[in-house]
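Grab a pencil and work through these exercises.

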Amino acid sequence: MSAPLLEIEDICLAVPDGSQMRPLLRGVSLSIGVGEVLSVVGESGSGKSVTARAVLGMLPQGAEATGSVRFAGSSILDAPRDELRSYRAHKVAMIFQDPRAYINPVRRIGDYLTEAATSIGGMRRGAARSRAMELLEAALIDDPKWVMDRYPHELSGGMLQRVMIAGALMGEPELLLADEPTTAVDVSTQAEVMAILGRLREEFDLAMMFITHDLELAAATGDRTAVMYAGRIVEQQPSTLLHERPLHPYTVGLLGSRPSLEAAPDRLLTIDGRPIAAADAPAGCAFEPRCAFAEESCRAQDPRLHPLAGGEVACLRAEQLLERGMDSRV
Amino acid sequence: MSDPVVTVSELVKTFPGVGTGRRKAETRAVSDVSFTVQRGGALAIVGESGSGKTTVARCLAALEAPTSGSIEVCGERWTGKQGSTKARRRRARKIQLVFQDPYQSLDPRQQVGAALDEALRVHRVRDGSKRDDEVLDLLERVGLSGEVADFYPRVLSGGQRQRVAIARALAAEPEVMVFDESVAALDVSIQAQILNLVSDLRESAGLTTIFISHDLAVVRQVSESMIVMRRGVVVEEGSTIDVLNSPADPYTKMLIASIPRIGWDPGDVLRAASADDERR
């Protein structure tokens with residue numbers, strides 16, 4: 001197997017909180033190959049967005065980080081400013097949940113799309129405009145010329161999401177970080193956005209980190225799915241396998257919590273308690289207080305992500321539970 | 001054996017337009033919606049943004065007055081007129097609404113206990129000494145410990161806040177509860193807890209529920225019958241299982257096809273939608 005495009009190794013990240021440091025990530029490791037899609041799922045506060053920002057080399061103010069982010073072999077977290085600038089302009093791009101919060105409301109779409117390409121990319125204005133229109137068309141916008149002259153408030157949320165996707169591709173990136181790009185839109189618009197992303201990925205051979213809280217969407221989109229909990233990846237598997245045979249009790253709980261179209265059980269499976277942030281993680285396994293399979297050893301020992309049955313899992317009892325099965329309700 | 005608790009007939013709601021001159025057209029959020037819910041039943045109203053589903057909820061809870069048509073709850077008929085405070089309270093005792101966002105539906109300066117106490121005082125329990133016990137009882141019914149009464153909403157998580165909002169609605173001992181996207185903003189594991197709470201309440205209190213949602217899997221879990229709305233009109237109705245298993249309207253089909261799953265091709269949805277547009 002060739003070297004992965006993106007390789008994150010054991011990132012720990014903490015931000016100052018008063019006189020103490022507040023951890024956000026507790027050792028995240030993942031990799032994405034050329035043209036591959038990794039879905040990252042997790043509940044609020046699990047560290048999905050912080051991880052994506054770390055890939056861009058954007059750390060919160062005053063943050064202390066250990067571990068490494070490597071893109072095509074070169075290290076990102078300690079890269080000099082100008083290198084980082086060209087990396088963000090041409091190698092990776094990010095799209096967000098709310099395009100209205102991200103796109104400058106007082107400038108026309110055309111200016112938004114071409115600004116970076118002309119100022120950082122060194123493109124001529126005319127060339128940048130025609131590339132922008134090509135990308136808008138690729139994003140299934142019927143009348144790119146009309147859209148170029150509009151202001152953001154004149155477009156619907158779904159249209160603006162397409163504009164943001166087109167903007168992300170202006171620098172011809174190799175990796176797209178998508179942070180819940182469909183969370184705020186209707187299901188039919190979600191299908192549109194996902195269809196456009198799928199097309200563009202094929203056309204430009206893009207790799208993608210797709211962040212979502214929706215396990216089904218993660219499986220439909222990603223070759224592999226990584227599940228995050230309290231600032232760490234607790235399980236990572238090929239998406240189909242993750243749904244058929246989850247390895248971590250938390251994943252089992254998540255899958256069981258989700259109502260399904262096929263059947264309505266009297267009660268949904270639930271996970272006791274509520275998701276915790278990395279900062280509140282106890283010694284030992286962070287999921288232990290909510291876990292139905294926890295043992296004495298889980299309180300003492302902090303499990304690391306290790307390979308198991310074609311995937312990776314961070315659970316001390318994973319081998320045992322895999323053998324025995326976790327059907328006995330979480 | 002028919003015992004309708006809620007009967008909505010030919011409900012229409014328009015809002016005055018913005019702008020001036022010819023551009024000032026009124027917005028017709030709901031045009032001609034009718035449905036009934038039997039006692040103890042569970043109806044889901046499904047639709048995307050702009051379908052008018054929230055406007056229906058607000059009309060049910062008398063937060064909006066219908067432009068025309070009528071709403072009958074527990075035999076009492078309401079038409080356009082808002083009526084006196086007394087009449088509105090009488091309505092509120094029959095039907096209560098739980099909103100989507102528990103971060104906005106609770107007063108940040110009011111302790112949980114005080115919020116519940118106020119709802120009890122307004123609706124039911126005049127005797128202040130009895131109310132303290134009732135507050136604890138309400139908290140227990142929604143799975144919260146008594147100490148939460150002293151908390152302000154800001155220290156509570158989203159799921160806990162939604163439980164408080166449900167407790168506050170229960171304070172009126174309503175016959176009908178309307179949930180307007182009440183689990184949409186919650187994390188998956190918390191969503192399941194709240195959905196279980198809703199089905200427990202249906203069983204224990206014999207509540208009639210109307211659940212408004214865009215999420216068909218949630219609808220499957222919490223409803224017996226459903227209506228699908230699009231642009232202010234009902235495009236399909238029936239038992240939840242029938243509609244989800246064999247949808248008749250192309251729009252319902254498109255909604256079902258839009259649900260992501262393994263092997264899902266979002267491109268299919270696009271093609272189906274454009275074929276549908278051509279037909280219309």
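**Exercise 1.** Which residue is the bridge partner of B:L97 in β7(B)?

Before the solution, some housekeeping. This is a predicted model, where local features need pLDDT of at least 70, side-chain atom pairs count only at pLDDT 80 or more, and totals for chains, interfaces and linings use all residues. Residues are numbered from 1 along each chain as its sequence is written, while chains are lettered from A and ligands numbered from 1 in the order in which they are written.

*Solution.* Start with the pair of strands: β6(B) and β7 (residues 176-180) of chain B run parallel and share four bridges. (Strands are DSSP runs of E, at least two residues, and helices are runs of H or I, at least four residues, numbered from the N terminus; two strands pair if DSSP finds at least two bridges between them.) Within β7(B), B:L97 has B:V178 as its bridge partner. Now zoom out: the open sheet has six strands in the order β6-β7-β8-β3-β9-β10 (chain B), and its pairing is mixed. At its edges sit β6 (95-98) and β10 (233-239) of chain B, each pairing on one side only.

**Exercise 2.** Decide how enclosed helix α7 of chain A is.

*Solution.* Check the geometry: α7 (residues 157-168) of chain A has 12 residues and spans 16 Å from first C-alpha to last, close to the 16 Å expected at 1.5 Å a residue (the expected span is 1.5 Å times one less than the number of residues). Then count burial, where buried takes 20 or more other C-beta atoms within 10 Å of a residue's own, exposed 12 or fewer, partly exposed in between, with C-beta atoms placed from the backbone. Nine of the 12 residues of α7(A) are buried, so the helix is largely enclosed by the rest of the structure. Among them are A:L160, A:V163 and A:I165.

**Exercise 3.** Find how many residues each chain brings to the contact.

*Solution.* Chain A gives 35 residues and chain B gives 34 residues, with contact meaning C-beta atoms, placed from the backbone, within 7 Å. On the side of chain A that touches chain B, α8(A) supplies the largest share, eight residues.

Note on methods. Contact = placed C-beta atoms within 7 Å.
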